[in-house]
Amino acid sequence: MDMLLHLSVAGRLVLTCRNDVWDSAYKERLPFAVREVEELDSGMVSHLLPDASENKLLRTPFFLDFAIRRREKWGIIPRTDISFLMRLFRDAESEGGALPDSAGPRKRAIIQALAELQLNELNYEITRRAVETRAHLPVQIFQHAVKKLKDERLVLERAPDSLLSDFREPTLRLAHDMLDCFSMARVVYDSEDRHTSAMSVCRRSERECGWSILSMLIRLAHHHRDEDLLRTIFGEFLRILDRKRFNDIYMAQTWAVTYVLREQLPILLPLVIEALRGTPVPNLRPGAEDMAGSRIGKDAQLTQDAASSVASAFLGLENGGDVADAPHVVPVLTEGLAKWELKGRFIDALARYNTREVQTALVDFGNKVLDTREDLPCLRYVARGLNRFEADRSTIMLLERVAQDPEIDPVTRRRAHEVLRRHDGRSVPDRTEREIVYGLAIKANRAARPTGTSCGSTPPSSKTRCLEDVCATFLDLDWKCVMHSSRRSNIKWFMWGRLSLPLSAALMNPWLVCSARPVDQGHPSRGDQGCVPGRAPAANGTKV
């Protein structure tokens, strides 16, 4: 620490450090200003490594530094992320020297032992003692090999006092989450029965790093053109999605699957389309798991629960989908508007493809809903989707119809007003107390949302409040939100303060406990992760 302080006085000093390491080991002891380093653009990578500008992994400074340090030794920098990681591990696991060593591949044994233990526990941190036992190396040889791996900046060793965890002894892990996940995914892929091993990870994916391993495993299978393994993993995803209402574990696994689908959609797109083309079948119920659930293949079929989550994969396309994929994707999503009762995620998915065909489909669908008065809450998703397109006369006319229709809920009408403002600059009406109260109301009590017509929401009998509506309601009020994420589960608790409420709203809901809870309290494929009313706040809740 003293050396770092002296260096900082001499000139500008840049420290690259993981957030948790900085918080636990350096933050309180070094008075340095912290600046987040964003992903680099391809131009900077090309300037430093012209032959590797297409490798997106190198836009991360950590991996770019690895590549620059190894440029002379490697000669050619791999052009894909998986190829780069494979070369990096192959290079790190080599023993070096002209003569064979009787100790064998020591570093490989340590990396393999660490990955196997991480995979068993689905945890990044493993005690040094456990790794030493698993590696079956003599003490001195183990110590020497660990030192070499640390010198190569591939392995991190942490003392107990530097950990934000329950460990009471030194631990080992690799130097970056992606390195850990690749190492674990490699163990799965190289196992005797990789399909069974992959299914085992899926069925424990609620654990800390489960979804990240699955995401990396999909990339590894794609690199090796292992279509069979991709289909096995996707089939297991459908099995989980079918059961997301069964219990907390399945719901946490559903979140993991949703993250993977969104992150790896470019690879999984053919399987996503294959599933969405499937015949609708009833949702599974606890105790009736022998019912035919979702599957892909010749006779593909899909439950509504799975369909909404699969369609939500397109939300990962933050910058829009590839227009080249539109001819294969848009017809399937458009058909979903007629095929599925809950359409919200299909509308969101369509809006990711900025084509004239999609804009026309959304406008036509919105006008049809207005004419038939069926599923009016869907118009909220339509308005949000049209916000991604340049306005034309038909779009303006539809949004005006939505904004002026008194039978449509106030939150949806506000969405339409906001999109109109973006298109032509017109003013947005002030938020009324009725709109605020509506945003806080329990869904079962919302007169503007008839039974059985909610788009992407829980059944009206569920005591579920819509976090999306609350956020929309208080968009312009003075409030703040603090989120704490449990290390050992996917349950997140939200607390807020400085929240100004009208008296009527406060009287209607004197206690609010807000959480992204599993089962009936919100689904990762929906916009209602959320608030549930109670007579007293639960743990970590605060009184409003």
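In which sense do strand S1 and strand S3 pair, and over how many bridges?

Analyst: This is a predicted model, in which local features need pLDDT of at least 70 and side-chain atom pairs count only at pLDDT 80 or more, while totals for chains, interfaces and linings use all residues. Residues are numbered from 1 along each chain as its sequence is written, and side-chain values use heavy atoms, without hydrogens or water.

S1 (residues 126-127) and S3 pair in the antiparallel sense over two bridges (strands are DSSP E runs of at least two residues, helices H or I runs of at least four, numbered from the N terminus; pairing requires at least two DSSP bridges). Thr127 has Thr171 as its bridge partner in S3. S3 also pairs with strand S2 (residues 155-158), again in the antiparallel sense, over four bridges; here Leu156 stands opposite Arg173 of S3. Thr171 and Arg173 belong to one side of S3 (residues 171-174), Leu172 and Leu174 to the other, and all four are buried (under 20% relative accessible area, 1.4 Å probe, protein chains only).

H10 gives the largest share, five residues. Of the 14 lining residues, Met86, Arg108, Phe182, Arg186 and Asp190 lie nearest the centre of this pocket.

Key
Buried < 20%, exposed > 50% of the residue type's maximum accessible area, 1.4 Å probe, protein only. 1 Å grid on protein atoms, 1.4 Å probe; cavity = no way out; pocket = protein on both sides within 12 Å on 5 of 7 lines; lining within 4 Å.
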